[in-house]
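Subject: Structure handover

Hi,

Here is the structure I promised to pass on. Please open it and keep it beside this email as you read.

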Amino acid sequence: ALPAGGGPSPALLALDAGNAFVLQSSVGHPGHLIGGAAAALGAPRPALLQVYAPDPLAAGAPPEKLAELTELAYRSRAVPLFRFDPARTDAPLSLDENPDPDADWAERDLEYKEPDGDRELRVPLTVADWALGQTRFRKHFEIVARGHLNDRMRPLADFVNLDPDAREGITPFVYVTDEQRRLFVARVSAPMADAVEACLRTWTALRQRAAGLALPGAAAAPALPERAERPSAAAETVAADAQQRLTDNLLELCGLTEDPQFFQRSLRRFLEDRAAAPDEAAPPDETAP
């Protein structure tokens, strides 16, 4: 959903399939990650774990900022934490480890300096706040002094809740501080605003599903009625094709294209089989590094 992204994640595709244990987590939340991995190993069914662990070079973030980045990923809804266990028929999808799971966005206190002392500003924490710390998204922000704020600008969290017609001529922004903790305004590009809105739709759909509502939900936020629309047949076909390509590619990489029982194994059984015969499924042309 982000400007550098490319369609539904494997975890969301597996969640839609509904027959596997699925964990989406971040190394920024060790408790959620370790607990989910342990549960996946004990699940008597296939399991998929998608973990956000950024490469500093690819993200364009200094190594000393990675810990903050991995925490911002889930706190901002860029990578929502969830665990899906079909065996729990009463509540298979859990979002409990996310901050403020009943709200569109979590909030944070942004500390900044003024000539007369330190101040705090309570602001929504959006996907754009996570993206701001990465040079790969730098072109989507224009950082200016607060004096540039005017009545044709809206906080990003408010902007994505406006009707499309009401957005005409409005520039979304988020607050940001520099290394001296001075407060600035970051104007947000249209592609980034669209990506933030798409992430919000994903988060809304996850909340609806966790609440036991059918997806796509019949009751969405009134400011964004398009969230409740059912995907077109063409969109569903594209999603199904993407899921099949992912399955085929994974099977080919593992040398298991002729094994129809591959996705019937539990994660524990798969690891046990690999440990017993580590070279059994290696591709014929695979060589040691």
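Below are notes on the nonpolar cores and the aromatic rings. Keep in mind that this is a predicted model.

Start with the cores. The largest nonpolar core has 41 residues. Phe82, Trp130, Phe141, Leu156, Met192 and Val196 touch the most other members. Several elements give two or more residues to this core, including helix 1 (10-17), helix 4 (66-75), strand 3 (82-84) and helix 7 (190-210). Helix 7 gives the most, with 7 residues.

Now look at Phe82. Leave aside its neighbours within four places in sequence. Phe82 is then in contact with residues including Ala11, Leu15, Val22, His32, Leu93 and Leu206.

Next, the rings. The count comes to 3 aromatic pairs. Trp130 and Phe137 have ring centres 5.8 Å apart. Their planes are at 50 degrees, so the pair is tilted. Trp130 is buried, at 2% relative accessible area, and Phe137 is buried at 1%. Tyr52, Trp130 and Phe137 form one aromatic cluster.

Phe173 and Tyr175 form an edge-to-face pair. Here the distance is 5.3 Å centre to centre, with 90 degrees between the planes. Is each of these two buried or partly exposed? Phe173 counts as buried, at 5% relative accessibility. Tyr175 is partly exposed, at 23%.

Best wishes

Key. Residues are numbered from 1 along each chain as its sequence is written. This is a predicted model: local features need pLDDT of at least 70, side-chain atom pairs count only at pLDDT 80 or more; totals for chains, interfaces and linings use all residues. Side-chain values use heavy atoms; hydrogens and water are left out. A nonpolar core is a set of buried Ala, Val, Leu, Ile, Met, Phe, Trp, Tyr and Cys residues joined through side-chain atoms within 4.5 Å. Buried means under 20% relative accessible area, exposed over 50%, partly exposed in between (1.4 Å probe, protein chains only). Helices (H or I, at least four residues) and strands (E, at least two) are DSSP runs, numbered from the N terminus. Contact means heavy atoms within 4.5 Å. Rings of Phe, Tyr and Trp (its six-membered ring) pair if their centres lie within 6.5 Å; planes under 30 degrees apart count as stacked, over 60 as edge-to-face and the rest as tilted.
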